[in-house]
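Welcome! Here is a short tour of a protein chain, taken one topic at a time.

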Amino acid sequence: MAEGSVSGNSSSSKSLMWMMIGLFTGLALLLAGGLFLASRVVRSMGLSAASARDTVRTKGGSFRLEKETEVGPALPLYPRSSLVVPDDEAAAAATKEALNGIQTSMYHTTDTRDFVDEWYGKHLSPEFTRRNAGDKPAPAIFNDAQVSDSDITFVAEREQMVRIVALSLDSGGTKISLIRFSKASPASAQAPAAVQ
């Protein structure tokens with residue numbers, strides 16, 4: 001009889017062991033599935049929050065949909081460039097320009113200006129027209145944006161919005177200025193003249 005109860009205890013011990021292994025395996029699978037599902041939900045929420053609601057992403061790049069009267073697409077950034085952080089004096093000047101509606105970002109690259117010029121020629125929309133360094137006469141909008149005559153520029157105007165990519169020779173490479181601003185509307189330009 002002792003053998004029967006020993007084999008019964010052994011059988012119930014094995015059965016209990018297999019039940020515990022099954023329980024822990026099931027819990028591990030549930031936990032792994034829950035973590036996988038949570039990571040997918042967080043990733044999709046993060047991607048949708050990070051992207052604008054009017055952005056279409058394709059293999060060829062990202063495109064932002066907009067109304068014709070809205071500001072044009074963002075200016076593309078040359079990939080091998082780094083942001084030039086302005087010193088205190090330049091930051092004060094940039095703040096003053098920003099109050100006047102001129103947004104300027106400066107970047108620097110060690111690549112030659114011709115190479116950067118070629119890259120922008122391929123990556124800007126047909127809306128941009130290229131202006132070679134030294135071309136005369138310089139557009140009047142260059143005075144507002146403080147663009148030099150010796151810069152190679154790409155200019156796009158859409159209604160009152162002006163976007164400029166200016167490429168200047170710089171020590172050790174090329175300085176890239178990305179500029180956006182709104183021209184004064186004819187009505188607002190005439191109003192001060194009428195007051196005088």
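## How to read burial

Buried means under 20% relative accessible area, exposed means over 50%, and partly exposed lies in between (1.4 Å probe, protein chains only). At 1% relative accessibility, Arg163 therefore counts as buried.

This is a predicted model, in which local features need pLDDT of at least 70 and side-chain atom pairs count only at pLDDT 80 or more, while totals for chains, interfaces and linings use all residues. Residues are numbered from 1 along each chain as its sequence is written, and side-chain values use heavy atoms, with hydrogens and water left out.

## The chain as a whole

The chain has 5 helices and 8 strands; helices (H or I, at least four residues) and strands (E, at least two) are DSSP runs, numbered from the N terminus. Starting at the N terminus, the order of elements is α-β-β-β-α-β-α-β-α-β-β-β-α.

Of its 196 residues, 22% count as buried. Take the contacts (heavy atoms within 4.5 Å) between residues at least 6 apart in sequence: 58% of them join residues at least 24 apart.

## An aromatic cluster

The structure holds 3 aromatic pairs. Rings of Phe, Tyr and Trp (its six-membered ring) pair if their centres lie within 6.5 Å; planes under 30 degrees apart count as stacked, over 60 as edge-to-face and the rest as tilted. Tyr78 and Trp119 make an edge-to-face pair, with 5.4 Å from centre to centre and 90° between the planes. Tyr78 sits in the loop between β2 (61–64) and β3 (82–83), and Trp119 in helix α3 (residues 113–123), 41 residues apart. Both residues, Tyr78 and Trp119, are buried.

The ring centres of Tyr120 and Phe154 are 6.4 Å apart and their planes are at 40°, so this pair is tilted. Tyr120 belongs to helix α3 and Phe154 to strand β6 (residues 152–158), 34 residues apart. Together, Tyr78, Trp119, Tyr120 and Phe154 form one aromatic cluster.

## Salt bridges

The structure holds 4 salt bridges, each a side-chain nitrogen of Lys or Arg within 4 Å of a carboxyl oxygen of Asp or Glu. One of them joins Asp117 and Arg130, whose closest N and O atoms are 2.6 Å apart. That pair links helix α3 with strand β5 (residues 129–131). Asp117 is buried at 11% relative accessibility, whereas Arg130 is partly exposed at 42%.

Buried Arg163 forms a salt bridge with Glu127, with 2.9 Å between the closest N and O atoms. Arg163 lies in strand β7 (residues 161–170) and Glu127 in the loop between α3 and β5, so the pair ties together parts that are 36 residues apart in sequence.
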